[in-house]
Amino acid sequence: MISKDDVKKLAELSLLAVEERELDTLAGEIDSILGYVSEVTKLADEEMERETPALRNVMRLDVITNKPGEYTEAIVAQFPDSDDTSLRVKKIL
Amino acid sequence: MSTTLPTSIREARALLESKKMTAVELAKGYMERIQASDKDLHAYLEVYDDVLEQAKQADARIAKGETGPMLGVPIAVKDNILVKGKTASASSKMLESYVATYDATVITKLREAGAVFLGRTNMDEFAMGSSTESSAFGLTRNPRDPSRVPGGSSGGSAAAVAGDIAIAALGSDTGGSIRQPAAFCGVVGLKPTYGSVSRHGLMAMGSSLDVIGPLTHSVEDAETLFSVIRGRDAMDSTTIPDDRPFIEQKKVYTIGVPRSFLTKGVDPDVLAAFETGLKTLEKAGHNVVDITLPTIEYSLATYYIIMPAEVSANLARFDGVRYGLHKDGKDRTDDYRQSRGAGFGKEVRRRILLGTYVLSSGYYDAYYGKAMQARDRIRRDAREVFKKVDVIATPTAPTPAFKIGSKTSDPLAMYLEDVFTVSANIIGIPALSVPHGTAMRDGVELPVGFQLMAPELGESTLFSLGKVLTGEQA
């Protein structure tokens, strides 16, 4: 059973503010969904060799694909708070 | 004017090609129609302010003698696909004022092909839902019966096509989000082979499942739109190399029906319409056989572990720091919490929490690990079945379009809508939903969708058989 406290902990882990009054409903809903998805255990086969499918999610190499400054203006325009071309955030330390 | 507007890509192209209509006239006609009927439907979140400008450019290209399957054709775009300089909100408060900084690859391809983008369509928030009711910006009504949902998550795109306020539309499909709304609204919806269409510029939901595809009036139109948007893209490394051949067309196909899968929880009218579809295929000379594919029944449970896990990871990027909604909290970490808490709606938060749970230490093996094993088995069994049959047929959804509000309080009931569609995403294969037959509800004939699934790159098989079902081909 998923408890209210479990939901609180999950909310903390996922950095998500969840209101106190929502906790019970969420606990109930998540519990019923987990109950349903637990069906997969009937199919899971520990012995079976895992395979890498031919079609799978492949991440792009982390290389620069744009010209310097090409998107700077457009990206800065989306910043909630900025100082010239810098992103302004709260003090970290 | 509006009565003479073409409703398919083919008709539109014929009119434009023969100079009987200009792209501007066509775009204007559609804008007038949107003005007249979208107040009630709410398929669009925004109609772009440069539609006529785009149409003028298409006319200039036509005047120069240019031709092409999408040149001058007005289409709608789901709100999770980026169009440079336009708001892309994924129907979420989180991105209410987010402006796309670049074009998605599908948009670049369509722009090059001369398509005219009418606007962005409503959807379930971040594509999570099966009714478009989880949009932060209001619901969309089903053009066939306004008291019912259009399906989801690409509900706005399906309603725009069905309501004749777009010739065609783009959607995205993670677990049925193109096919189920297509079925509910009585249009054609294609979920292409995973990796056949670039997702660069599509907001990621479940990255091992997501694919962009068309919603159209005919199978031929879906084929046309697919041919324009597909292909290898250096910006999405998941895309399949262009030299990998598609499965060739045949004269006679074998259609497999997983009978035991169709016994539980399927509406009798949906089942009856499905049987008629099988007869139509048989009459056209194809073979219909029963198949056993017991593992496919576990697709939904597998999906509702893998998808939320990927959702929780993909949506971690929305933190209110670089873009999107920002809410001030007590400190930096609380800023994240407050921004995410205020920006995400109920269904999105539910899935993030669920995904966090199945990935958390202590539960990972019990849920995510098991789901990955199950996915392997489902994929393997499907591969075996495809040695005997060319396609697998099922209804697209277990019910016709349901009443607005009837499933919003029970997430599990909403999830069951995806029971027949998620398999194709779990396996990575293409699937097509075509309207075939109806179900009478409160005096309204509601459309029913017939789904065909083919092996990887088996789109041409789907188009051939889909055309038989819609009557486009004998």
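Which residue forms a salt bridge with B:Arg179, and how far apart are the closest N and O atoms? The partner is B:Asp173, with the closest N and O atoms 2.9 Å apart; a salt bridge here is a side-chain nitrogen of Lys or Arg within 4 Å of a carboxyl oxygen of Asp or Glu.

This is a predicted model, in which local features need pLDDT of at least 70 and side-chain atom pairs count only at pLDDT 80 or more, whereas totals for chains, interfaces and linings use all residues. Residues are numbered from 1 along each chain as its sequence is written, chains are lettered from A and ligands numbered from 1 in the order in which they are written, and side-chain values use heavy atoms, with hydrogens and water left out.

**View 1. The pair B:Arg179 and B:Asp173.** Both B:Arg179 and B:Asp173 are buried. Buried denotes under 20% relative accessible area, exposed over 50%, and partly exposed the range in between (1.4 Å probe, protein chains only). Over all chains, the whole structure holds 40 salt bridges.

**View 2. The pair B:Arg111 and B:Asp103.** A salt bridge links these two side chains, whose closest N and O atoms lie 2.8 Å apart. B:Arg111 is partly exposed because its relative accessibility is 34%. B:Asp103, by contrast, has a relative accessible area of 17% and is therefore buried.

**View 3. The pair B:Arg351 and B:Glu347 in helix 11 of chain B.** The closest N and O atoms of this salt bridge are 2.6 Å apart. About one helical turn separates the two residues, because they stand four residues apart in helix 11 (residues 346-359). Helices (H or I, at least four residues) and strands (E, at least two) are DSSP runs, numbered from the N terminus. With a relative accessibility of 3%, B:Arg351 counts as buried; B:Glu347, at 11%, is likewise buried. Through shared partners, salt bridges unite A:Glu29, B:Glu347, B:Arg350 and B:Arg351 in one network.

**View 4. The nonpolar surface patch of A:Val89, A:Ile92 and A:Leu93.** These residues make a patch of about 380 Å². Patches consist of residues with over 30% relative accessible area and no salt bridge, nonpolar side chains (Val, Leu, Ile, Met, Phe, Trp, Tyr) being joined within 5 Å and like charges within 9 Å. Accessible areas come from the Shrake-Rupley method with a 1.4 Å probe; for residues, only the protein chains shown count as cover. A:Val89 lies in the segment after strand 2 (86-87) of chain A. Its relative accessible area is 44%, so A:Val89 is partly exposed.

View 5. Chain A has three helices and two strands, in the order α-α-α-β-β along the sequence. Its radius of gyration is 22 Å, whereas a compact globule of 93 residues would have a value near 12 Å; the radius is taken over C-alpha atoms, and the globule rule is 2.2 Å times the number of residues to the power 0.38. Of the 93 residues, 29% are buried.

View 6. Chain B comprises 15 helices and 11 strands. Its radius of gyration of 21 Å is close to the 23 Å given by the globule rule for 474 residues, so chain B is as compact as a globular protein of that length. The C-alpha atoms of chain B occupy a box of roughly 65 × 65 × 50 Å along the principal axes. Buried residues account for 66% of the 474 residues in chain B.
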